[in-house]
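Morning, everyone. Let me put a structure up on the screen.

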Amino acid sequence: MKMKSKSAVITFSLGFILSNWAWEGWCEGALEIGFYRGKCGIVDVEAIVAGVVTARFIRDPTIVAALLRLQYHDCFVNGCDASILIDGSNSEKTALPNLSLRGFDIIDDAKAAVDRICQGVVSCADLIIIATRDAVFLSLGGRYEVQTGRRDGLVSLPQNVSLFLPPPAASVSQSIALFAKKGLTPTDMVLLLGAHSVGVVHCSLFEDRLYNFNNTGRPDPTMDLFLVTLLRLPCPQNTSTNNAVNLDQNIFPFMDNSYYQQLLLNRGILPIDQELALHPLTRGTVMNLATRGFDFPIQFGTAMVKLGAIEILTGSQGEIRRSCRAFNQD
Ligand code: HEM
């Protein structure tokens with residue numbers, strides 16, 4: 001009897017300690033919706049960011065594409081920790097795929113605006129996530145709630161980029177494998193590539209599809225011939241000019257499901273875009289989104305939240321940067 005009660009006490013205490021540890025661990029490590037509520041007096045931090053993004057969007061609606069790509073490139077390399085924002089000669093920013101990233105100044109403006117009200121509270125990593133959400137909303141892509149509470153990372157190295165980011169000519173299988181490493185499914189991947197319904201791509205990254213696909217001396221047979229002819233105008237062969245064309249050939253520059261419709265018409269620009277409509281693991285999702293796209297904004301928002309939760313730092317990890325472009329100790 002004595003033994004029994006002793007073991008009960010041990011079990012109870014162990015359970016208490018473990019559950020307490022788990023609870024504290026959860027408090028330390030979890031993102032939450034509205035993390036900044038009450039942390040900046042009565043000021044709504046997310047509303048301040050929305051103000052900055054809206055003002056920029058009115059002047060330049062292409063910031064939607066800039067911010068979407070910024071979040072993707074940040075989250076895939078070292079997690080969503082604002083490592084992409086660090087300046088210097090040997091940071092992530094200097095890696096080849098990141099040279100055409102834009103939108104750093106929008107995050108600077110958002111940081112300045114929130115720091116004017118409460119300094120040192122809001123992370124740059126969260127600012128990327130909030131600003132991207134606001135831009136998507138302004139581009140008619142629907143509004144999704146974002147979780148916050150990320151901390152800024154302490155590592156930003158160019159060599160990490162090619163390890164995790166699918167290259168420009170990536171195939172669907174190669175990309176599925178890289179997305180899986182980040183906990184994202186093929187369906188998440190198709191949804192996130194819906195970001196290609198806005199923004200541009202440089203001719204050099206797909207011109208082989210127009211002129212010399214797989215060294216055949218002919219265009220890619222999976223590209224609509226009319227589109228081939230059309231794209232040869234801004235993308236002439238053997239020139240040093242490197243123009244940019246829209247990733248989504250639909251003329252309305254909004255976040256909508258037209259991108260998937262274009263893919264079914266063989267009008268995808270990058271190899272990854274077109275192959276989504278051809279690969280057995282992604283074709284079904286593309287067809288669903290193209291034909292029943294009314295809930296694309298909701299599904300896209302859910303995928304963006306998942307993207308925003310990759311390998312995050314929380315609690316006492318990392319730091320809250322004073323400038324988004326430099327580590328605090330620099
Ligand atoms: C297999 C995955 C992906 C590949 C291979 C890929 C590749 C590319 C390439 C090569 C460009 C053009 C870059 C240039 O011309 O300088 C581009 C642009 C873009 N990508 Fe992706 N991408 C992928 C996934 C994503 C994801 C997941 C997002 C966002 C959630 C995204 C958002 C964008 C946007 C918005 C642009 C246009 C940027 C602008 O106009 O400045 N991409 N992508």
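This is a predicted model: local features need pLDDT of at least 70, side-chain atom pairs count only at pLDDT 80 or more; totals for chains, interfaces and linings use all residues.

Residues are numbered from 1 along each chain as its sequence is written, and side-chain values use heavy atoms, leaving out hydrogens and water.

Which protein residue holds the iron atom of the ligand? The single donor from the protein is H196, through NE2, 2.2 Å away. Donors here are N, O and S atoms within 2.8 Å of the metal (3.2 Å for Na, K and Ca); water is not among the atoms, so sites may look incomplete. H196 sits in the loop between helix 8 (186–192) and strand 4 (200–202). Helices are DSSP runs of H or I, at least four residues; strands are E, at least two; both are numbered from the N terminus.

A polar side-chain atom of H196 also lies 2.9 Å from a ligand nitrogen atom. R102 places a polar side-chain atom 3.1 Å from a ligand oxygen atom. V200 uses a backbone N or O atom, 2.9 Å from an oxygen atom of the ligand.

Now the helices. The axes of helix 3 (residues 63–76) and helix 14 (residues 296–307) come within 10 Å and cross at roughly 40°. Axes are lines fitted to C-alpha atoms, for helices over the stretch in contact, with angles from 0 to 180 degrees between N-to-C directions.

Technical notes. A polar contact is a pair of N or O atoms within 3.5 Å; within protein, one must be able to donate a hydrogen and the other to accept it, and residues adjacent in sequence count only if both atoms are side-chain atoms.
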